[in-house]
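This report goes through a structure part by part. Look at the sequence and the model first, then read on.

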Amino acid sequence: MEDAPRGLRESLKRVAVTLKEADIPFALGGSYACWARGGPEPVHDVDFMLREEDVPRAVEVLAAAGLRPVDPPEDWLTKVFDGEVLVDLIHHPVGRAVTPEMLERSSEMSVDSVRMPVLDATDWFEMTLLALEERYCDLARVLPMIRAMREQVDWDQVRRSTAASPFAEAALLVATRLNLIPPVDAAPVAARPGEIVASGGGIARSGAARRGGTKGGTAEGGKTEGRAPEGIGLRVGKKEDGREPAGQVDLGGKLDLAEADEYLAGELHERLAEDPRVAELGLEVAVADGCILVEGEVATDDRRRAVADVLAEAVPGRLVRNEVTVIGRATAADGTTKVETIS
Amino acid sequence: MMRIAAVGDIHLGTDSGGTFAPVVRGLAGRADVLLLAGDLTQHGLPAEAEVVAAEVAGAPLPVITVLGNHDYHSNAEQEITAILTAAGVTVLEGTGTVVDIDGARLGIAGVKGFGGGFAGASGTDFGEPLMKAFVRHTKEAATRLRYALEALDCDTRVALTHYAPIPDTLIGERAEIYPFLGSYHLAEAMDAGGAALALHGHAHAGSERGSTAGGVPVRNVARPVIGKPCALYAVGSGATVEGARMAAPSPSPSVDLAAPTAP
C-alpha cells in the first residue's frame, strides 16, 4: 500500500505523456488534480478528463503503449489498467460532457516533474460538489480539499453552477461558516446577472430527473458553449443574437410572474416541451429567487438558442441561466460497439 | 445468430440532414436489420420525415420502425408513414413483418404503445371519458401487439415499441412520470406473444436493461440511454417458436395508425 502512490504517479505520467504525444486534448482530473493543486495525495486511482469523441483514439494509443483497456458498464467513462493501476478516462463527469472550453480552462502545471494540463480549480469543485449525493456526501473528505484549493477557485461561479444541488449547498454553507471561502455577495440579483443565490430560499425545479454521475449520450463537446464568466446570465427580453423566433406560436404569451416558483418551473417545463422550436420533454427547469436555471441536452445549437427564445417570451425580464448543452448525434456506428447476445 | 441494430429517439429535425446516414451505412456487414424505436422526428413534421427518409434511403439492411409520440405531434403520422414507406422503411403499428436472414426468419411486431403506468400504480378504464380513452388507447395497443406477435410465422420474435413495457428500464426517470412513459399491458402482450426480445425508447433518462415478469429481455434503446449511435443485439435462431402460426409475412404491411384518442 505504501508503494501505491508512487505506482499511481508513474502510471499518471505514462498516460499523460502518451496522450500528449498523440495530441489528444485532455486534463488531469479527479483527486490527482486536487493533489497537483495542493490537496492530499490520493491512493486509489488516476482520472483524466477528455472529450467523448477522443476516447476511442485515446484508448487506442494507450493500448499501443502497453496499457490494458477494459470496457466498464458505466456510460460516462472508460478505464485502462497500467499493470495494477486503474486509470479512468472520464468524458461525462456528473452527467455533463467534457467540453473543449473546459479543457482550455485547465492550466499547464508540473505534476511530479511532468508538465500537463490540470483541470481548472473552479471546474474541479463544480464536479466534486455536484457528485455529492445521498449515498456519498461525506464533507470530511471535501473540506480538506476546499482548504487546499480555496484561493484558486471562483466560489461565486461554483455557487451558481451547483445551485440546484442541496448537497453542494450544504458543503458551501459549512465552508462559508468556517470562513474557508468568502460569503455570498449580497448584491441584489438584478445587479449580478445569472446569480442564483445558493443560500436561503428554496429552489423549485421541474423536469427530468437528474442522473447522478452517469449521463448517457454522445457528447460532441465542440458544439457546447463555453462558460464565459459573465456571459452566464443571459438577460432575457433581448434576444441572444437578435434572431427572430423560427416560428411564432400562440402558447398563451407571458406567464404570470407573481405565481409561486414551483408552478412557474412546472409551466416553463411544459412550455419548453410544447413549443415547436424546442419540443424537448427532458429539460429541467429550476426557479430560485427569481432566476431561472434550465439544464439538459439538446441536439443542436439552434435548439439551445430556441430554449433562450422561448423562456425570454414566457418570462420577459427574468434572468435565465441556460445550462443546456448540445450533444452531437452524428458519429458513425463505431467498430467498438459491443454486441449483446440475448439468450 | 441474427444481428439486430436498434436505436430510438433520434429526433431528427430539418437541420439534422447528414447526421444519421453515416450510422446506417456503418451497419453494413455488422447487423442484419435496423430497428428504430420511434421518435424519428422532433415535431412530427412531414419535412422532418423527409430528412429521416433521406438518411435511411439506400440503407444496406432492412429498416423497420414504429412511430413515437413526437411523430404524432403535428397530426401528420399518416403522411410521415407514407414518406418513410416510400423510402423503403417498414413502419409497424399493430402489425408485424418477417425478415429472412440466411434462412432464419426473424419476426418483428411493433406498436407505438402508450402510457398508463405499471401494475399497482396505473390508470384504469374508469371515470371521465378522457381517462377511459387514455387507458383504452393503451389496452388497444397492447392487444394489437399481442396479435401481431402471435401472427408472425418465424423462428424468433422481437417486439418493438416506443413506450416502455416495464418500469425497470425507466430507472433514472422520476417515478412520478412513469405512468406517462409506458404501460404494463405492453409487457403482458410481449409475454403472451412469445417475444424473445423487446426493444423500446421514449425514456431518455432511463436504463438500458430489464426483463418482463415472463422473462422477456427488455432493452431501452433511446439514444441518450445507450450512449452510442445504436445498440447491437444477437438473438438465437434457436428452435422454431412453438406453434408458429399461419399469417403470411407481409413485406409492407398496411399501417393502421393508432388514433391518439379513441373515436
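Where pLDDT is low, the predicted coordinates should not be read in detail.

The mean pLDDT of chain A is 78, and 74% of its residues reach 70 or more. Within chain A, confidence is lowest in strand β9 (residues 233–235), with a mean of 36, and highest in β1(A), at 96. Helices (H or I, at least four residues) and strands (E, at least two) are DSSP runs, numbered from the N terminus.

## How the model is read

This is a predicted model, in which local features need pLDDT of at least 70 and side-chain atom pairs count only at pLDDT 80 or more, while totals for chains, interfaces and linings use all residues. Residues are numbered from 1 along each chain as its sequence is written, chains are lettered from A and ligands numbered from 1 in the order in which they are written, and side-chain values use heavy atoms, with hydrogens and water left out.

## Two helices in contact

Helix α9 (residues 261–274) and helix α10 (residues 301–314) of chain A pack with their axes 10 Å apart, at an angle of about 130°. Axes are lines fitted to C-alpha atoms, for helices over the stretch in contact, and angles run from 0 to 180 degrees between N-to-C directions. The angle makes α9(A) oblique to α10(A); angles under 35 degrees count as roughly parallel, over 145 as roughly antiparallel, 65 to 115 as roughly perpendicular and the rest as oblique.

Which residues of α9(A) and α10(A) make the contact? From α9(A) they are L268(A), R271(A) and L272(A), and from α10(A) they are V307(A), V310(A), L311(A) and A314(A). Six residues of this contact between α9(A) and α10(A) are nonpolar, none is polar and one is charged.

Most residues other than glycine have a negative phi. D23(A) is not a glycine, yet it has a positive phi of about 60°. D23(A) lies in the loop between α1 (4–21) and β1 (27–29) of chain A and counts as exposed, at 65% relative accessibility. S113(A), also not a glycine, has a positive phi of about 75°. The loop between β6 (107–111) and β7 (114–118) of chain A holds S113(A), which is exposed with a relative accessible area of 68%. Buried means under 20% relative accessible area, exposed over 50%, and partly exposed in between (1.4 Å probe, protein chains only).

Is T162(A), at 2% relative accessibility, buried or exposed? T162(A) counts as buried. T162(A) is in the loop between α7 (155–161) and α8 (166–177) of chain A. Leaving aside residues up to four places away in sequence, T162(A) touches E126(A), L129(A), L130(A), A168(A) and L172(A).

## Chain B

Chain B has seven helices and 13 strands. Of its 263 residues, 58% are buried. The mean pLDDT of chain B is 89, and 90% of its residues reach 70 or more.

Conventions: pLDDT is the predictor's confidence in each residue, from 0 to 100. Contact means heavy atoms within 4.5 Å. Ala, Val, Leu, Ile, Met, Phe, Trp, Tyr, Cys and Pro count as nonpolar, Asp, Glu, Lys and Arg as charged, and the others, Gly among them, as polar.
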